[in-house]
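My notes follow the structure.

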Amino acid sequence: MSNPVPLLAARDLTKAHGRTEALRGASVELQAGEILAVTGASGSGKSTLLHCLAGIVRPDGGSVSYGEEHIDRLPERRLSELRRTEFGVVFQFGQLIPELTALDNVALPLMLGGAGRRQAQERAGEWLERFGVRGQGALRPGEMSGGQAQRASLARALVTGPKVVFADEPTGALDSLASEQVMTALVHTARESGTSVLLITHDAQVAAYADREVTLSDGTVARAEVAA
Ligand code: ADP
Ligand code: MG
């Protein structure tokens with residue numbers, strides 16, 4: 001199979017947290033517009049891989065390229081610009097800003113990009129709507145359920161129209177019906193805008209939304225398969 005040049009490519013990544021080797025030579029590629037599921041047991045290095053790919057954590061070894069740029073070697077300034085303009089990240093534990101309402105959490109990336117508050121809030125409201133939590137817009141993260149916070153995190157990751165969305169178990173706190181709703185909204189958005197998605201999940205039903213699945217095992221990619 002002759003693949004086009006990948007949008008994002010990690011090669012032979014290694015990363016230790018103290019004495020724990022979270023990544024031991026993991027390689028993975030993400031094509032433009034592709035939805036890739038990353039599965040694997042708890043502790044297999046999935047979150048660490050995502051953080052390295054998204055330029056949040058620098059790997060100890062190996063390389064991460066995004067188009068022509070080497071994420072692992074970029075200066076912090078360019079990295080934050082990439083994270084703000086091209087990447088959207090949904091962290092495993094949501095990590096919304098506790099002092100801000102859901103609406104303002106979602107509006108924030110737009111305001112950091114220079115949008116006015118009113119316009120940013122309007123767009124933010126539309127994204128909360130897509131993920132079924134518009135009614136929770138006035139709540140602060142501590143007042144929302146885990147599932148509502150995850151939906152708001154997805155809205156926050158997508159509101160700027162990123163080229164790549166990194167989602168770390170975005171349905172981990174959702175029941176199967178809610179997972180289906182959230183995945184439908186995420187996939188629809190990605191297809192509509194050509195956004196690539198790297199999706200970490202434990203759930204085979206969620207992974208089934210992806211074009212392809214790779215499995216991490218002890219910090220390396222154990223198995224790659226092409227979905228039908
Ligand atoms: P997964 O997301 O697949 O559960 P992680 O990437 O979170 O895996 O973690 C991989 C390994 O690294 C685990 O053994 C975990 O305990 C360890 N680890 C992850 N983050 C840290 C950290 N900040 N400090 C120490 N150990 C960590
Ligand atoms: Mg994890």
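**Metal site**

I looked up the magnesium ion (ligand 2) and found it coordinated by S47 (OG) and Q92 (OE1), at 2.1 to 2.4 Å. Donors here are N, O and S atoms within 2.8 Å of the metal (3.2 Å for Na, K and Ca); water is not among the atoms, so the site may look incomplete. The pair joins distant parts of the chain, 45 residues apart: S47 sits in helix 1 (residues 46-53), Q92 in the loop between strand 6 (87-90) and helix 3 (102-112). Helices (H or I, at least four residues) and strands (E, at least two) are DSSP runs, numbered from the N terminus.

I noted that this is a predicted model: local features need pLDDT of at least 70, side-chain atom pairs count only at pLDDT 80 or more, and totals for chains, interfaces and linings use all residues. Residues are numbered from 1 along each chain as written, chains are lettered from A and ligands numbered from 1 in written order, and side-chain values use heavy atoms, without hydrogens and water.

**Ligand 1**

Which residues surround ligand 1? I listed H17, T20, A22, A41, S42, G43, S44, G45, K46, S47 and T48; each has a heavy atom within 4 Å of the ligand. Helix 1 gives the largest share of this shell, three residues.

I then checked polar contacts (N or O pairs within 3.5 Å). A backbone N or O atom of G43 lies 2.7 Å from an oxygen atom of ligand 1. For a polar backbone atom of G45, the distance to a ligand 1 oxygen is 3.1 Å.

Definitions and conventions:
Polar contact = N/O pair within 3.5 Å; in protein donor to acceptor, adjacent residues only side chain to side chain.
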